[in-house]
Amino acid sequence: NDHDPELMGEIAEMKVGVFHFIEHLDDVSEAFADCLGGLMSVIAKDIQITIKPEISEKFPQLKITKVYMDERNLRENRGAMPRTFTVRYNQLLSGSSKDFIFMLDLSNPNGEQVEEPRNLGLVVEEEEE
């Protein structure tokens, strides 16, 4: 009992890993099978996603002002106009999901009222390496 299983699990999760506390030797095979199963379920590797606002007539100054996500995987593409961001992941596991939350500036310099914007024009591009 010289460890914090919750903390160990969080550390493993940060690096897309798993943590197993094995109290009894008989439990080793189950933990080992779980780890091997995780290796087999990688569905994508070296993922890079670029997010940029798509300027339109209704939103000529649309811009991303803040991104809420794990910043270790996020890079701002400095100098890019409009402001763009690239998200990178080493691997994506089957059944996992990634959430991206953006704060957008929808200012319209013409003062036009835009009724219920449905498509704000964010473009996600797949980049070849």
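Residues are numbered from 1 along each chain as its sequence is written, and side-chain values use heavy atoms, with hydrogens and water left out. Because the model is predicted, local features need pLDDT of at least 70 and side-chain atom pairs count only at pLDDT 80 or more, whereas totals for chains, interfaces and linings use all residues.

The secondary structure of the protein chain consists of 2 helices and 6 strands; helices (H or I, at least four residues) and strands (E, at least two) are DSSP runs numbered from the N terminus. Along the sequence, these elements follow the pattern α-α-β-β-β-β-β-β. Among contacts (heavy atoms within 4.5 Å) with a separation of 6 or more, 66% are between residues 24 or more positions apart. The chain has 129 residues, of which 16% count as buried; buried denotes under 20% relative accessible area, exposed over 50%, and partly exposed the range in between (1.4 Å probe, protein chains only).

The largest nonpolar core contains 8 residues, namely I47, I51, I64, V67, M69, F85, V87 and Y89. Such a core is a set of buried Ala, Val, Leu, Ile, Met, Phe, Trp, Tyr and Cys residues joined through side-chain atoms within 4.5 Å. Two or more residues of this core come from each of β1 (42-53), β2 (63-68) and β4 (84-93), and β4 gives the most, with 3 residues.

Strand β4 also takes part in pairing, for which DSSP must find at least two bridges between two strands. Strands β1 and β4 run antiparallel and are joined by 8 bridges; within β4, Y89 stands opposite I47. Strand β3 (residues 74-77) is likewise antiparallel to β4, through 4 bridges, and E76 has F85 in β4 as its bridge partner. The hairpin of β3 and β4 has 6 residues between the strands, and G79 in this hairpin takes a positive phi near 90°.

M8 lies in helix α1 (residues 5-14) and is partly exposed, because its relative accessible area is 35%.
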